[in-house]
Amino acid sequence: MDSTLVNWEALDRLVLDFAKSENLIDDSASTISFPSSSPSSFSSSYQSRFIIRQIRRFLESGDIDSTLHLLRSHAPFILDDRRLLFRLQKQKFMELLRRGTDEARDSAIECIRTALAPCALDAYPEAYEEFKHILLAFIYDKDDQNSPVTEAWSERRRFEIAGLMSSILRAHLQAYDPVFSMTLRYLISIHKGFCIHQGISSPISDLTERLLLEERDPPAVPQESFYEAPPFDEVDIQALAHAVELTRQGAIDSLRFAKGDLFQAFQNELCRMKVDVSMLDELVREYCVYRGIVDSGLSLPSAGLKTLAEPLKVGQSEPGYCSSRNYSFEGDNTNNKHSDGENSVSNAHMNVSPEDSVDVNSIQGTDVELRYACESTSYYEDCSTSGSHQSGISKVLQRNRNYTIGERSKRKRWRGRQDEEDYKQDLNATATSTNLSRDKQGLEKHPSADINARDDKNEIVLGMKELVGRGMAAEVVEEVTALDPNFFMQNHVLLFQLKQVEFLKLVSSGDHTSALKVASSHLGPIASRDPSLLKPLKETLLALLRPNEDALGKGLPLHALSTSLQVAIGQKLGIEEPQLMKLMRATLHTHNEWFKLQMCKDRFESLLRIDSLKDVNAPLLSACSMSKSNADSCTHGSSQVTISSSTRVSEDGSSPTQESSRDVCDENAILKVMEFLALPRADAIHLLAQYNGNAETVIQQIFA
């Protein structure tokens, strides 16, 4: 299996930027405080996108007067374009007639006299004929399917003009969707095209079909003055046409509208693609909760934060978990130490009542440990998904509540889309009540024990992820083994990678004796059982020759390892991997394969941050990351479309055999065949290879 590695930290940044740009989270909020959002905090880009959405809604509902009012206030240039103004006035006339009252008919006549007829005289050459034709709507009823104005009566016209206005406004106001949204559109589009081209089924079709819709907004029409634009580079025309599935003429028109700017034209076309916004938001929310970016919102204690007289101690009987939790913040004054010496904890003890407001920024996250206790022992008997993990979960909960209140306070609060309320009124009075109501609904929907189970397990996994990110490999191995003694028997590559971290950390600290002990006791035996790990073992041992370098910082991408461990442990605990992770793996894989077929690099991957999503710097982990055992443990449940791609890939994305085919083809010949035969790049190269790279011969043979 070709397992495409993903830079999850790069995806975190893209997703967080999307959530901020769409005002889906309270950026400065913690999980304890609930500050309100106000229109003044919105970015100008968000405001522009909101205005466009409002105009779209008005047009789709047939409210032309409200549309014109918004356009006069925010985009008067639209009304200066006589072509667009004529279309709006024509739609207003039809909407007035649609009401069916005498008063509305009189208003329609007035609309013709004062607005529609004068505009028809100079809108465009065909406008006056269209004006005379639409007058037939006076005598043909909207329900008459045989009338010559059936199309004018159709409500589909509302959506067409709404899409057209959205396309034009988006380009003029530079109100493009966030990068992540455009990236998903592009990757899914390529994924679908690749599967069709190769005649294979997609393993994520249930996601892609629902997320990326088939219809698109109408293209923005360039003004007449643009028709005399200088000819565009054929390379740009073909790149745009094949990137967003346009005809050659469609690509030329798009470039004309963008005044020759390829990347602006590309963004215009991507934003014409429609996505299911509610589904996209849910995918993002699920991913953010899984990654610890936002709080789940399901485990808020109904009675607030309380103090226990006695915190849990190691060695106590395993606690149960009930619907109400008690929380204790207590400084740990024991001599419990980690191998890196990190555990300086003050002897502070805080009591927090439900009425108190907590300034989470004043709490030092690394100095305060969040401890839990409960009143019954029935939780794991009722709710655990696997009896073999009950004891381990309990011990880890007791021993290692290291994902502190300080860490949790960094998470954002998910607020969702509240466009109408956000823009029309200040939410000082409503934000808190709205979200608390939502939390209450969530608590009513899910049994309290299930919520606690899911939240506890997710906190364990996030805690492990945090430890790996800090390089605390020895502690992670200890905690995972306490959780499940058999885990590393089934995931030996992860154990090898964690021991690599421990080895490099010891080398960096100058403790070569302990480092060699780790290598001989763990790395060597694991590599002897899995020969694919011998190469990374040798490269790891080279760190001994560079004692003055930061071996850990240069040798291992801890963020990649932490995510691999998070996925594997989550699967053991029954935590489903976010669908967005499966989607990104599969679409990035097909993106790689598609451009191998095209034998060129993607001109738009930097614009959409696709290059950063693929940039996994793993010098010592590369070999073991591609081993079958690691692929099985880290991509379980997210099968990918695979084509044999074991050959070396060159810088431009092509393999050696593909390079030999391309060598016989001149770039101009490729473009000529693509242009004349309207073929994809890969098919054009394939044909040229059969005729020694002669474009004229290929064209003659096709038309012969």
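Predicted model: local features only at pLDDT ≥ 70, side-chain atom pairs only at ≥ 80, totals over all residues.
**Exercise 1. Helix 15 against helix 29**

Which residues in helix 15 meet which residues in helix 29?

Solution. 
- Step 1: from helix 15, the residues are Leu283, Glu286, Tyr287 and Tyr290, and they meet Gln579, Leu580 and Met581 in helix 29.
- Step 2: sorted by class, the residues of this contact are five nonpolar, one polar and one charged.
- Step 3: helix 15 covers residues 277-291 and helix 29 covers residues 579-598. Their axes lie 8 Å apart and the packing angle is about 105°.
- Step 4: angles of 65 to 115 degrees count as roughly perpendicular, so helix 15 and helix 29 are roughly perpendicular to each other.

**Exercise 2. Helix 2 and its pairing with helix 3**

Determine how helix 2 and helix 3 are oriented, and which residues join them.

Solution. 
- Step 1: begin with the length of helix 2. Its 17 residues should span 24 Å at 1.5 Å a residue, and the C-alpha atoms at its ends are 24 Å apart, so expectation and model agree.
- Step 2: take the axes. Those of helix 2 and helix 3 (residues 64-74) come within 8 Å and cross at roughly 155°. Helix 2 is therefore roughly antiparallel to helix 3, as angles over 145 degrees count as such. The crossing is left-handed.
- Step 3: list the contact. Helix 2 supplies Ile51, Gln54, Ile55, Phe58 and Leu59; helix 3 supplies Ile64, Ser66, Thr67, Leu70, Leu71 and His74.
- Step 4: count by class. The contact of helix 2 with helix 3 has seven nonpolar, four polar and no charged residues.
- Step 5: for the spacing of such contact residues, recall that an α-helix has 3.6 residues a turn, so residues three or four places apart point the same way.
- Step 6: check burial. The buried residues of helix 2 include Ile51, Gln54, Ile55 and Leu59.
- Step 7: look past the end of the helix. Just after helix 2, Gly62 has a positive phi of about 85°.

**Exercise 3. A buried arginine**

Is Arg56 buried or exposed, and what is it in contact with?

Solution. 
- Step 1: Arg56 is located in helix 2, which runs over residues 44-60.
- Step 2: the relative accessibility of Arg56 is 17%, so the residue counts as buried; the cut-off is under 20%.
- Step 3: with neighbours within four places in sequence left aside, Arg56 is in contact with Ala162, Gly163, Ser166, Arg170, Asp217 and Lys274.

**Exercise 4. Helix 34 against helix 36**

Find the relative direction and the contact residues of helix 34 and helix 36.

Solution. 
- Step 1: helix 34 (residues 667-677) and helix 36 (residues 695-703) have axes that come within 9 Å and cross at roughly 25°.
- Step 2: angles under 35 degrees count as roughly parallel, so helix 34 and helix 36 are roughly parallel to each other. Their crossing is right-handed.
- Step 3: the contact is formed by Ala669, Lys672, Val673, Phe676 and Leu677 of helix 34 with Ala695, Glu696, Val698, Ile699, Ile702 and Phe703 of helix 36.
- Step 4: by class, this gives nine nonpolar, no polar and two charged residues.

**Exercise 5. Positive phi in loops and after a helix**

Where do Gln174 and Lys259 lie, and which residue with positive phi follows helix 5?

Solution. 
- Step 1: Gln174 is not a glycine, yet its phi is positive, about 55°. Gln174 sits in the loop between helix 9 (156-172) and helix 10 (179-198). At 46% relative accessibility, Gln174 counts as partly exposed.
- Step 2: Lys259 is not a glycine either, and has a positive phi of about 55°. Its place is the loop between helix 13 (248-257) and helix 14 (262-272). With 67% relative accessibility, Lys259 counts as exposed.
- Step 3: helix 5 (residues 82-98) is mostly covered, with 14 of its 17 residues buried. Gly100 follows helix 5 and has a positive phi near 80°.

**Exercise 6. The chain as a whole**

How many helices and strands are there in the chain, and what share of its residues counts as buried?

Solution. 
- Step 1: the chain has 36 helices and seven strands.
- Step 2: of its 704 residues, 52% count as buried.
- Step 3: among contacts with a separation of 6 or more, 75% come from residues 24 or more positions apart.
- Step 4: Leu462 lies in helix 21 (residues 448-469) and counts as buried at 2% relative accessibility.

Notes. Residues numbered from 1 in each chain as written. Heavy atoms only, no water. Axes fitted to C-alpha atoms, helices over the stretch in contact; angles between N-to-C directions. Helix = DSSP H or I, 4+ residues; strand = E, 2+ residues; numbered from the N terminus. Left-handed = near helix turned anticlockwise from the far one by under 90°. Contact = heavy atoms within 4.5 Å. Nonpolar A, V, L, I, M, F, W, Y, C, P; charged D, E, K, R; others polar. Buried < 20%, exposed > 50% of the residue type's maximum accessible area, 1.4 Å probe, protein only. Expected span 1.5 Å × (residues − 1).
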